[in-house]
There are 2 protein chains.
Amino acid sequence: MGLQGGAGPEEVWPIEGVIELTFPDEETARVVYKSVLYEHKTVPYRRSRIDFLLDGRKIVIRFLAKDNSALRGTLNSYLRWIKVAMDSFEL
Amino acid sequence: MGLQGGAGPEEVWPIEGVIELTFPDEETARVVYKSVLYEHKTVPYRRSRIDFLLDGRKIVIRFLAKDNSALRGTLNSYLRWIKVAMDSFEL
């Protein structure tokens with residue numbers, strides 16, 4: 001509970017995961033990706049480590065989280081940004 | 001388990017994706033999975049189709065969504081259930 005300061009000098013990231021979202025075409029994926037990339041670059045996360053990638057029609061989010069709260073908070077942020085980006089297409 | 005939610009022959013599911021969460025051990029994955037499986041089985045989704053699987057230390061959620069709102073709503077539900085299940089471990 002409350003792993004605000006981490007477990008110690010050697011940090012532990014017990015939960016790892018990946019989200020892959022496949023869009024109808026590369027252009028859609030690319031525009032959504034670029035929009036979310038801005039958020040990805042500007043928001044620092046201390047309790048999750050995130051790789052955010054574009055692979056053709058796929059957006060790939062790879063992550064390591066210290067705990068479940070960090071996991072959910074991080075994924076919610078990315079999903080929200082993706083939704084906002086997609087809303088502009090009315091996908 | 002099977003895909004939840006009905007789809008008519010004319011329906012389009014433009015967004016597909018997968019979430020894989022890897023836990024520290026199989027037992028943790030199994031207990032979280034079983035807890036979320038109950039929700040998965042009891043909640044019908046009409047705007048998303050979901051496959052919810054356990055694979056060793058991994059929980060795998062495969063999904064098809066009609067639109068971004070359906071996508072985000074569905075993923076939020078699964079992430080919330082997973083968080084609740086994980087809170088019981090204080091993971």
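**Pairing of chains A and B**

In the predicted model, strand 1 of chain A runs antiparallel to strand 1 of chain B, which spans residues 15-22, and the two strands are paired over 7 bridges. Within this pairing, Gly17(A) has Leu21(B), in strand 1 of chain B, as its bridge partner.

The extent of the contact was computed next. Chain A contributes 26 residues to the contact, and chain B contributes 26 residues. About 2400 Å² of area is buried between chain A and chain B, and 62% of this area comes from carbon and sulfur atoms. On the side of chain A that touches chain B, two elements give two or more residues: strand 1 (15-22) and helix 2 (68-87) of chain A. Helix 2 of chain A supplies the largest share of that side, with 11 residues. Sorted by class, the side of chain A that touches chain B holds 14 nonpolar, 5 polar and 7 charged residues.

Charged and polar interactions between the chains were also counted. The interface of chain A and chain B has 0 salt bridges by the rule applied. For polar contacts, the count between chain A and chain B is 4 residue pairs, with both residues of a pair at pLDDT 80 or more.

One site within chain A was examined separately. His40(A) is part of helix 1 of chain A, which covers residues 26-42. The side chain of His40(A) is joined to the side chain of Tyr78(A) by a polar contact of 2.6 Å. When neighbours within four places in sequence are left aside, the residues in contact with His40(A) are Ile50(A), Phe52(A), Tyr78(A) and Trp81(A).

How values were computed
Residues are numbered from 1 along each chain as its sequence is written. Chains are lettered from A and ligands numbered from 1 in the order in which they are written. This is a predicted model: local features need pLDDT of at least 70, side-chain atom pairs count only at pLDDT 80 or more; totals for chains, interfaces and linings use all residues. Side-chain values use heavy atoms; hydrogens and water are left out. Contact means heavy atoms within 4.5 Å. Buried area is the accessible area (1.4 Å probe) that two parts lose on being put together, summed over both. A salt bridge is a side-chain nitrogen of Lys or Arg within 4 Å of a carboxyl oxygen of Asp or Glu. A polar contact is a pair of N or O atoms within 3.5 Å; within protein, one must be able to donate a hydrogen and the other to accept it, and residues adjacent in sequence count only if both atoms are side-chain atoms. Helices (H or I, at least four residues) and strands (E, at least two) are DSSP runs, numbered from the N terminus. Ala, Val, Leu, Ile, Met, Phe, Trp, Tyr, Cys and Pro count as nonpolar, Asp, Glu, Lys and Arg as charged, and the others, Gly among them, as polar. Two strands pair if DSSP finds at least two bridges between them.
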